[in-house]
Amino acid sequence: YKLSVSPEMDIMEYCRKEWRGNTPAAKRMRKGYEAVAQKFASIRRIRGDNYCAFRATLFQALSQATQLPRWLQSEDFTMLPENLLSKYDWIKQWQLRQKPGKRMGEIRDEIKEYLILLRQKWKNISEIKGPLEKQEACDKLFKNEEEEYSLYEALKFLMLNTAIELYNADKSGKRVPVFSWLLFARDTSSNPCQLMQNHLNHIGHSGGLEQVEMFLLAYALQYTIRVYRLYKYSTDEFITLYPNDPEEDWPVVTLITEDDRHYNIPVRMCQETML
């Protein structure tokens, strides 16, 4: 059994273990980790199974949650599957994890369950006051495979909902963020239906999140995702924000990647940077 989120390890110790050589790539990685270590003391490895962007983002969001986000509080949040399926017949092709070929009613009910679970877990963890207890609750949740993967299904569905909203806003002449044009400029996702069939349905199975989908995840959660992209050390893209012009009141989560495919998380902000 693989741990979803490994225990903490000193960040520079981890770096020395992983990047021993003297190649230009190893040197750049070491410099990147040194820069992260100015701000964070430890790293936690995230299990790599094509869900790692979801896992890293959600774990960070929950472990620092102090309240339920506004969008999770809304009355009609759990009605999303029903509302969307009544308007868009093609959502019947949604691939539930390990359960292809479900009927429409089953998809609706199952996704509704996942959304309820997401709200319940977020609420429970955000109400825990002590940081240690909060961390323990997060660790426990990410050891429960059934619940963990159900939460990722909920996130995927929220991404689909956000994509539909952005697509419709653009079609009716409203301003949309630039990433939304890029998302629908791909041959494989020129509309939300294609996005679902060719991308969202495959996340966790045959692929992870692409760059442009990191923006979509950030918008769906209304969180800023700040990523240290170590292989981009000493360029403008070393620290990348999704979205790059975040709303001021969006909370921030921080991830680390060496290659834009796998994500780990830095933890324990160094004391002086917290002031």
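This is a predicted model: local features need pLDDT of at least 70, side-chain atom pairs count only at pLDDT 80 or more; totals for chains, interfaces and linings use all residues.
Contact here means heavy atoms within 4.5 Å of each other. Residues are numbered from 1 along each chain as its sequence is written, and side-chain values use heavy atoms, with hydrogens and water left out.

**View 1. The annotated site: Asp49, Cys52 and His262.** The unreviewed UniProt entry lists Asp49, Cys52 and His262 under "active site". They span 214 residues in sequence, yet no two of their C-alpha atoms are more than 8.9 Å apart, so they gather at one spot. UniProt positions follow the numbering used here, feature names are shortened, and annotations may be inferred rather than shown by experiment.

**View 2. Asp49 and what it touches.** Look for Asp49 in the loop between strand S2 (40-44) and helix H3 (52-63). Helices (H or I, at least four residues) and strands (E, at least two) are DSSP runs, numbered from the N terminus. Setting aside residues up to four places away in sequence, Asp49 touches Arg55, Tyr149 and Gly204.

**View 3. Cys52 in helix H3.** Cys52 belongs to helix H3. Is Cys52 buried or exposed? With a relative accessible area of 5%, Cys52 is buried; the word means under 20% relative accessible area, while exposed means over 50% and partly exposed is in between (1.4 Å probe, protein chains only). Not counting residues up to four places away in sequence, Cys52 touches Ile46, Arg47, Arg261, His262 and Tyr263. As for disulfides (pairs of cysteine sulfur atoms within 2.5 Å), a search of the whole structure finds 0. Cys52 is in none, and the nearest cysteine sulfur, that of Cys138, is 18 Å away.

**View 4. Arg55, also in helix H3.** Arg55 lies in helix H3 and is buried, with a relative accessible area of 0%. Which side chain makes a polar contact with the side chain of Arg55? That would be Glu148, at 2.5 Å. A polar contact is a pair of N or O atoms within 3.5 Å; within protein, one must be able to donate a hydrogen and the other to accept it, and residues adjacent in sequence count only if both atoms are side-chain atoms. Leaving out residues up to four places away in sequence, Arg55 touches a list of residues including Asp49, Phe142, Tyr149 and Tyr152.

**View 5. Strand S5 and the strands beside it.** In strand S5 (residues 252-257), 5 of the 6 residues are buried, so the strand is largely enclosed by the rest of the structure. Strand S3 (residues 224-229) pairs with S5 in the parallel sense over 6 bridges; two strands pair if DSSP finds at least two bridges between them. S5 and strand S6 (residues 263-269) run antiparallel, joined by 2 bridges, and Ile256 has Asn264 as its bridge partner in S6. S5 and S6 form a hairpin with 5 residues between them, and Asp260 in the turn has a positive phi of about 65°.

**View 6. Thr224, a residue of strand S3.** Thr224 sits in strand S3 and counts as buried at 2% relative accessibility. Neighbours within four places in sequence aside, Thr224 is in contact with several residues, among them Leu241, Tyr242, Trp250 and Val253.

**View 7. Strand S2 and its partners.** Of the 5 residues of S2, 4 are buried, so S2 is largely enclosed by the rest of the structure. Strand S1 (residues 9-10) pairs with S2 in the antiparallel sense over 2 bridges, with Met9 having Ile43 as its bridge partner in S2. S2 also pairs with S6, again antiparallel, over 4 bridges. Here Ser42 stands opposite Val267 in S6.

**View 8. The nonpolar cores.** A nonpolar core is a set of buried Ala, Val, Leu, Ile, Met, Phe, Trp, Tyr and Cys residues joined through side-chain atoms within 4.5 Å. The largest has 77 residues, and those with the most contacts inside it are Ile91, Trp94, Leu118 and Trp122. Which helix gives the most to this core? Helix H8 (residues 145-171) does, with 13 residues. Apart from this core lies another, of 13 residues, among them Ile11, Tyr14, Tyr33 and Val36.
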